[in-house]
Amino acid sequence: METDRRTITASALADTAEQLLGAGFRIALIAAHDDGERFRVVYLFLAGRPDRRIELVLPVPATDPTIPSLAYLSFPAGRFEREMADLFGITAVGHPRPYRLVRHAHWPEDWYPMRRDAGPPPEFTARDRFPFLTVDDPGVYEIPVGPIHAGLIEPGHFRFSAVGESVLRLKIRLWFVHRGIERIFQGRSAGAAVEVAERISGDTSAGHALAHSLAVEDALGIELPEPVHRLRALLLELERLHNHVADLGALANDVGFGLANIHAQRIREQLLRLNGRLTGHRLLRTAIQPGAVALRELPDPQELRQLAAEVAEIAELTLRNSVVYERFAQTSVLAGDDARALGCLGYVARASGASSDARLDHPTVALPVTEVRASSGDVLARYGVRRDEFAASIELACHLIEGHHGPLEFRVPLPATGHACSGIGIVEGWRGSIVHRVEIDPAGVIARAKIVDPSWFNWPALPVAMTDTIVPDFPLTNKSFNLSYAGNDL
């Protein structure tokens, strides 16, 4: 799909963005670039059905690194602008809340790690505390949770302001493990960076590998035959399956129904072993690369349909339990208007009635995708969407298996372009739409990579859903969203 690229001035940015948003586009990413003598900011707007992609390129002088803020038009834009200020030192003029987002208090004030001249990290020394808003009223108290947790969960800090058990406000602080992933891509060969993409968020190895590969292929002008896209789509559905069933069990476990969790984890293990047989890796790594796909065998459709029947039975037993049902229903409601305003993606959006599926909005190949939606926006809706998506994903996988003809391995060499180029990859990962944008220099080396995991868009929705919910329901709510720390804390 060809992207409409336009260079724009600062004075025209807001009006153009408003027109695009009014025409049904969404801001999918905002990426800053340090070109040495100047900065450059790329705004990617996406719309689906049909697939439309528009890039606005705003040159920014290095002597005055400022841009007009779009935060009043788009909540996600405001967060991208705060990220840009932290990592590039580019200020969004007119931003209503220009606070740090990525950089914690111990980060040096004037060190911007994504700039060309950033140099090695200086000494990190805590200067002050993160400025949490304190809800100060009689009977209100704070409950701090994390960033160090009891289990294997990654670090994140949750601060509840509560009266009794009722949550008045929840503040989430992330970016405790900022790994500099986007900087790690720089300088790697376009054909050899997929191993970094696979490790952006471990449970989404195939999704990020495919988004990265599509971006590289788009930049280099590589067009692959339809059977390759269908095999890649099969791998995405297999990744969706083992993650969805794991969470169906974990949600039941969070309200004490351990039996359902045991059987769900049994099925997840079967799916992971299936992945290992198909690709040599339980998390499907190395199977998708720029210009390539490789499977050892195809799954047995009968085996997959049997797993679908077992998951349907587990879900029925779970929701038939009145205690489980009452804990799920009307808990942590995310209204549809809030989901759309926040830019939510994936099953979080679909459970609140919003339409969001890159397989339909930005397809690489025509597929009979069944889009599952609910309207209540509560834990029950998010559970039900995941349950129904599991069944739909099984049928889509069987369709791809039974309709496949030809080899299971395909590879084309990456061409040398001799000039700078850029490309976009969009994939419906199991959490939602993943977007990668790459720029490749004339030598075939990645000069810039921008990654947006759906968790970036969905994290702000979690505290919104928690309003007026009781504190003991936070683990259940958190699991119903099941957002990636690693995918967010790049």
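Two strands are said to pair here if DSSP finds at least two bridges between them. By that criterion, in this predicted model, β10 pairs with strand β11 (residues 292-294) in the antiparallel sense over two bridges, and glutamine 289 has alanine 292 of β11 as its bridge partner.

β10 and β11 belong to an open sheet of three strands, ordered β10-β11-β12 and paired in the antiparallel sense. Its edge strands are β10 (288-289) and β12 (409-411), each of which pairs on one side only. Helix α6 packs on this sheet and touches β10, β11 and β12, while the direction of α6 makes about 55° with that of β11.

**Two helix pairs**

Two packed helices are described by the angle between their axes and the distance between the axes.

| Helix pair | Residues | Angle | Axis distance |
|---|---|---|---|
| α6 and α13 | 226-254 and 379-402 | about 150° | 9 Å |
| α7 and α8 | 258-279 and 301-320 | about 160° | 10 Å |

Helices α6 and α13 pack at an angle of about 150°, which makes α6 roughly antiparallel to α13, since angles over 145 degrees are counted in that way. The crossing in which α6 passes α13 is left-handed, and the contact between α6 and α13 comprises 14 nonpolar, four polar and seven charged residues.

For α7 and α8, the angle of about 160° means that these helices are therefore roughly antiparallel to each other, and the crossing of α7 and α8 is left-handed. Among the residues that make this contact are Ala260, His263, Ile267, Leu271 and Arg277 of α7, together with Glu303, Leu307, Val311 and Thr318 of α8. Sorted by class, the residues of the contact of α7 with α8 comprise nine nonpolar, three polar and four charged.

Strand β8 (residues 157-163) and strand β9 (residues 166-173) pair in the antiparallel sense over seven bridges. Within this pairing, serine 161 stands opposite arginine 169 in β9. The hairpin that β8 and β9 form has two residues between the strands, and glycine 164 in this hairpin takes a positive phi near 60°.

Technical notes
Residues are numbered from 1 along each chain as its sequence is written. This is a predicted model: local features need pLDDT of at least 70, side-chain atom pairs count only at pLDDT 80 or more; totals for chains, interfaces and linings use all residues. Side-chain values use heavy atoms; hydrogens and water are left out. Axes are lines fitted to C-alpha atoms, for helices over the stretch in contact, and angles run from 0 to 180 degrees between N-to-C directions. Helices (H or I, at least four residues) and strands (E, at least two) are DSSP runs, numbered from the N terminus. Angles under 35 degrees count as roughly parallel, over 145 as roughly antiparallel, 65 to 115 as roughly perpendicular and the rest as oblique. A crossing is left-handed if the near helix is turned anticlockwise from the far one by less than a right angle, and right-handed if clockwise. Ala, Val, Leu, Ile, Met, Phe, Trp, Tyr, Cys and Pro count as nonpolar, Asp, Glu, Lys and Arg as charged, and the others, Gly among them, as polar. Contact means heavy atoms within 4.5 Å.
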